[in-house]
Amino acid sequence: MIDLDLQKYSLQLIESGVLILGLLVLRLILKKTVRNFAKKIERLEHRTGLIMKHVDFAAFFLIVLGLILIWGVDFRNLGLVMSSVFAVIGIAFFAQWSILSNITSGVIMFFTFPYKIGDYIKIHDKEMPCEGIIEDIKTFHIILHTTKNEIVTYPNSMMLQKGVSIIKADDFYEQQLNEADKNKEDLPHD
C-alpha cells in the first residue's frame, strides 16, 4: 500500500489547483472574447475555431509549465533548467521559424486585418504579383482564387510584409461587367 502524507504536499496541491482553475477560467474568458470579437467583425466560424485551438494550446502549455515548476523544479537550479529548455527550444524552433511566423501572422490577421474571405485582393510583390478572391485563411497561408482560375496559397507572414490592395468582390465583379460592356460598345457593328 502507498501511504501518502497529504499534509506534506498540501501547498503543492493547493498551488496546482489554483493554477489549473485560474488558467481554465482565463481560457474560458479568452474564448468568449474571441467569439464576441469574431461576431462583431463577421469572421467565419472555422477561422474562429483556429484561434480557439491556439488558445487551448497556450492554456495547456501554461498548465504543464506551471505544474512542472510547482512539483519538479528546485529554484536553485531553475536558471540551469530554463537555459537548457530555451536552448533546446531555440535550436528546434530555429529550423521551424517560418512555420511559427506564419502561425503568429495568422493570429494577427484574425484580429487586425481589414480584409476577409470573399474579398478580392491584389498583392504587390515585386517577384510574384498576385491577385484573386480570398477563398480561405488558414493557420499557415491564405488561399486565393485568381482570375485565371488558379488556386494560389500565399504565406500569412508574407501578407503582413507586402502591400495589399483590397477590392470588394462585388465591386470587382461589377467593374468586370462594366469593362465587358464598354468593350462591346467599341466593337464595330456589321
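Tutor: A residue counts as exposed when its relative accessible area is over 50%, and as buried when that value is under 20%. Keep in mind that this is a predicted model.

Student: Is N149 buried or exposed, then?

Tutor: N149 has 60% relative accessibility, so it counts as exposed. You will find this residue in the loop between β3 and β4.

Student: What should I look for in its backbone?

Tutor: Most residues other than glycine have a negative phi. Here, N149 has a positive phi of about 65°, although it is not a glycine.

Student: Now the sheet. In what order do its five strands run?

Tutor: The order is β4-β3-β2-β1-β5, in an open sheet with antiparallel pairing. The edges are β4 (151-155) and β5 (163-167); each has a single partner strand, so one side of each lacks a neighbour in the sheet. On average, neighbouring strands are turned by 40° against each other, direction ignored.

Student: How many bridges join β2 and β3?

Tutor: Four bridges link β2 (residues 130-137) to β3 (residues 141-145), in the antiparallel sense. Within β3, I142 is the residue opposite I137.

Student: Which residues make up the largest nonpolar core?

Tutor: In soluble globular proteins, nonpolar side chains tend to be buried together. The largest such core in this model has twelve residues, including I137, I142, Y115 and M159. At least two of its residues come from each of β1 (120-124), β2, β3 and β4, and β2 gives the largest share, three residues. Another core, of five residues, lies apart from it, with V34, A38, I51 and M52 among them.

Note on methods: Residues numbered from 1 in each chain as written. Predicted model: local features only at pLDDT ≥ 70, side-chain atom pairs only at ≥ 80, totals over all residues. Heavy atoms only, no water. Pairing = 2+ DSSP bridges. Axes fitted to C-alpha atoms, helices over the stretch in contact; angles between N-to-C directions. Core = buried A, V, L, I, M, F, W, Y, C linked by side-chain atoms within 4.5 Å. Buried < 20%, exposed > 50% of the residue type's maximum accessible area, 1.4 Å probe, protein only.
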